[in-house]
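Trainee: I have the sequence and the model open side by side. Could you take me on a close look at a single part of it, and then show me how the rest fits around that part?

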Amino acid sequence: MRNLPFTKEKLEEIAARWPTPFHIYDAKAIRENAKRLKKSFSWNKGFREFFAVKATPNPHLMKLLQEFDFGSDCSSMAELVLAERVGNVGEKIMFTSNDTPAEEFRKAWELGAIINFDDLTHWEYFLDAVAVDGNRPQAADLASRLFCCRYNPGPLKGGNAIIGKPEEAKYGFTREQLFEGYRRMKEAGVTRFGLHTMVASNELDPEYIIDTAKMLVDLVGDISQQVGITFEFVNIGGGIGIPYRPDQKAMDLERVGKGIEAAYKASVTGRGLKPLKLFMECGRCITGPYGYLVARVRHIKNTYRMYAGLDACMSNLMRPALYGAYHEIVVPGKESCGDTTTYDVTGSLCENNDKFAIQRVLPVLERGDLVVICDAGAHGHAMGFQYNGKLRSAELLLESDGSVREIRRAETLDDYFATLDFPG
Ligand SMILES: *Cc1c(COP(=O)(O)O)cnc(C)c1O
């Protein structure tokens, strides 16, 4: 049984002010986790985590993570603007996008972001996108800026269980293309380089992450030699998993830190390379376990199965419907009642996959019970949508002192109609 950072009484107090459903994030736990992550990589001078904004694009949480000097990993205009608004500009932004529109390259360039290219053809496209009156940036303009390419190892690296085989993924350069990409950038006057990859999603095996770092560091050695450039950083991407299921174990960050340190020493020091900064752009493992979707049982229905219908639906958390993902469900106040009854826990959307859990054994549920769906702190609220006229819920922050602050209000019908111009 999961330990929650609030009691049933406290939740009822919160729900009296902010009606369910809502997301609530545990600031204290997020801070402790951020500290742990930084400590695991403190051996690396210049280590930085760029929080993947898409996981939980809330400026209040981004601000909180700034306390730990986290940057922002952005992949769209809105995410770039969010980073700008919280004061993450310049090289505190990692712009890792794909199928990138010209205006986003322009915005990233204006903000001074580290620009990570997804394809060989994007270099020329970028130069045209940021050209002023038809004039592309000159060598002098490019020399001070940090550029990066995204590597897709294809069949050279085994697949991650969730993201699948790299060669079937749409992202990144092939190995050969990387050499060409850096050559072109060098010719244009770029002097500062990084190398990026992202081959995992929700990976729980530390060795996979360590291997990824090793692969990048070795590749930096090869490219440096053949192209005649030096690298400032490697970015191992995001993808560190979290234990959604009770039988899973959290990633041992210290083990990852130590494993990468050993690989680093062997390759960087071993090959006489210049010191490399280690970057990562995790989202899920930063906020995922520390966010909860809180809902109330609205109806109990007994037909061919027992159904517990909540006042939340997949517009608040669509991972179960989208991926069949497992999310632990806790019924505060009924922890000691014993799990005796099997339910499908549903939302009210007219889609039969609008279920938070299928055939889950839970304590006997009654109308009005509060239900807490765990691990909703990343790729939760963020994936919300308005299909079927459902509205996105509020986001709350449980502060370290126990107080609660609204960090995003719930949507209203006015929000739903805001984009329509229709008389009547
Ligand atoms: C989604 C994504 C991330 C974050 O992934 P998590 O699984 O949340 O750690 C980081 N980088 C890129 C390029 C992504 O697409």
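Mentor: Let's start at a helix end. In this predicted model, Asp252 caps the N-terminal end of helix 10, with a side-chain oxygen 3.2 Å from the backbone nitrogen of Glu254.

From that cap, follow the helix along its length. Helix 10 covers residues 253-269, which is 17 residues.

You can read helix 4, residues 77-85, in a similar way. Its buried residues are Glu79, Leu80, Leu82 and Ala83. They cover an arc of only 160° around the axis, which puts them on the same side of helix 4. Ala78 and Arg85 are exposed on the face turned away from that buried side. Among the elements covering the buried residues of helix 4 are helix 3 (59-66), strand 3 (71-74), strand 4 (93-96) and helix 5 (102-111). Just past the end of helix 4 comes Gly87, with a positive phi of about 90°.

Finally, step back to the domains. The domain assignment divides the protein chain into domain 1, made of 8-21 + 289-417, and domain 2, made of 27-288. Taken over C-alpha atoms, the centres of domain 1 and domain 2 are separated by 33 Å. Their contact takes 22 residues from domain 1 and 26 residues from domain 2. Between them, domain 1 and domain 2 bury an area of about 2,000 Å², and carbon and sulfur atoms give 53% of that area. On the domain 1 side, look for Tyr290, Tyr326 and His379: they supply 32% of the area that domain 1 buries against domain 2, more than any other three residues.

Conventions:
Residues numbered from 1 in each chain as written. Predicted model: local features only at pLDDT ≥ 70, side-chain atom pairs only at ≥ 80, totals over all residues. Heavy atoms only, no water. Helix = DSSP H or I, 4+ residues; strand = E, 2+ residues; numbered from the N terminus. Expected span 1.5 Å × (residues − 1). Polar contact = N/O pair within 3.5 Å; in protein donor to acceptor, adjacent residues only side chain to side chain. Domains from an automatic or database assignment. Contact = heavy atoms within 4.5 Å. Buried area = accessible area lost by both parts, 1.4 Å probe. Buried < 20%, exposed > 50% of the residue type's maximum accessible area, 1.4 Å probe, protein only. Arc of directions from axis to C-beta.
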